[in-house]
Amino acid sequence: MEILIISGLSGGGKSKAASFLEDMGYYIVDNMPAAMILKFAEFCERGGGRYDRAALVYDVRTATSLTEIFDVLDQLKTMRIDCRVLFLEASPEVIIQRYKESRRRHPLRNRTDSLEEAVRRERELMEPLKARADVVIDTTHTSTAQLRARLLREFGGAAEQSGMAVNVVSFGFKYGLPMEADLVFDVRFLPNPYYIDELRPQTGLDQGVADYVLQSKQAQGYLPRLEELLAYSLPLYVEEGKTSLVIAVGCTGGRHRSVAVAHVLAEFLRRRCGCPVTENHRDMARG
């Protein structure tokens with residue numbers, strides 16, 4: 001069983017982190033007092049696996065004494081529960097700006113003379129918990145996508161840590177672009193097997209068509225450059241936090257050239273990018 005304590009500074013990104021972790025399969029409980037965490041852990045252990053991954057948001061609203069949460073963390077470890085602490089923070093200037101934009105009230109504002117003092121006081125109060133944290137994320141210059149990617153790396157399962165699912169789709173331009181496409185490559189400049197009588201009934205998955213298309217001078221010059229572009233680009237999409245990428249390859253009818261190229265690209269990406277890759281030939285039976 002795994003319990004993740006999400007804590008940090010107000011305005012540091014705890015709510016966004018909790019939302020992403022919920023998408024990753026964590027059971028989320030917000031604003032849980034330290035005194036209730038042990039009872040919750042016992043409840044989860046009796047849940048028959050339903051609550052094997054729980055994330056509890058603990059912040060300054062309930063942190064009357066950090067000694068209490070430290071005692072709880074120590075006891076959880078004796079229960080053989082995998083317990084980690086995630087701490088999110090940002091610079092005082094960014095937190096103040098976020099509060100101004102959201103028009104929300106800082107939880108310590110009633111006890112201080114200004115928002116700036118409330119932010120400073122909270123930072124001092126939560127510093128010992130930050131020192132105890134297993135993972136600290138500063139969201140000052142972190143985009144939402146980058147935060148999600150970091151959480152996937154730190155807390156995702158094996159499938160989630162693969163980073164991004166890639167779907168390579170072949171299609172025919174005369175039937176329209178795939179609406180879900182992120183990248184579109186037009187291969188209508190390649191030699192067309194449609195005009196070869198014995199190849200016309202075949203598809204790009206048949207050896208004769210594949211050889212005719214891929215062994216052409218045009219394909220020999222184009223494919224290495226396309227593979228190099230994708231090999232460079234895909235890790236950048238993963239770093240940005242993209243979870244799925246649709247690569248569309250089109251020819252006139254979607255039966256010959258686009259199918260052959262899409263198949264080669266899918267095989268290349270399976271070997272090279274380390275992401276799960278699927279292959280779909282939308283118009284192959286129509287072209």
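**A helix, its neighbours and a sheet**

Ala210, Val213 and Leu214 in α8 meet Arg257, Ala260, Val261 and Val264 in α10, where contact means heavy atoms within 4.5 Å. The residues of this contact between α8 and α10 divide into 6 nonpolar, no polar and 1 charged; Ala, Val, Leu, Ile, Met, Phe, Trp, Tyr, Cys and Pro count as nonpolar, Asp, Glu, Lys and Arg as charged, and the others, Gly among them, as polar. The model is predicted: local features need pLDDT of at least 70 and side-chain atom pairs count only at pLDDT 80 or more, while totals for chains, interfaces and linings use all residues. Residues are numbered from 1 along each chain as its sequence is written, and side-chain values use heavy atoms, with hydrogens and water left out.

Helices (H or I, at least four residues) and strands (E, at least two) are DSSP runs, numbered from the N terminus. Helix α8 covers residues 207–214, and in this helix Val209, Ala210, Val213 and Leu214 are buried, that is, under 20% relative accessible area with a 1.4 Å probe and protein chains only, whereas exposed means over 50% and partly exposed lies in between. Seen down the axis of α8, the buried residues fall within an arc of 110°, so they line one face of the helix; the arc is that of the directions from the helix axis to the C-beta atoms. An α-helix has 3.6 residues a turn, so residues three or four places apart point the same way. The buried residues of α8 pack against α9 (217–240) and α10 (257–272).

The axes of α8 and α10 are 9 Å apart and meet at an angle of about 85°. That makes α8 roughly perpendicular to α10, a term for angles of 65 to 115 degrees. Axes are lines fitted to C-alpha atoms, for helices over the stretch in contact, and angles run from 0 to 180 degrees between N-to-C directions.

The account now turns to the sheet. Its 4 strands form an open sheet in the order β7-β8-β6-β9, with parallel pairing; two strands pair if DSSP finds at least two bridges between them. β7 (183–186) and β9 (277–281) stand at the edges, each with a single partner strand, so one side of each is left without a neighbour in the sheet. β7 pairs with β8 (residues 244–251) over 4 bridges. Helix α9 lies across β6 (165–172), β7 and β8, running at about 175° to β7.

Definitions and conventions. Angles under 35 degrees count as roughly parallel, over 145 as roughly antiparallel, 65 to 115 as roughly perpendicular and the rest as oblique.
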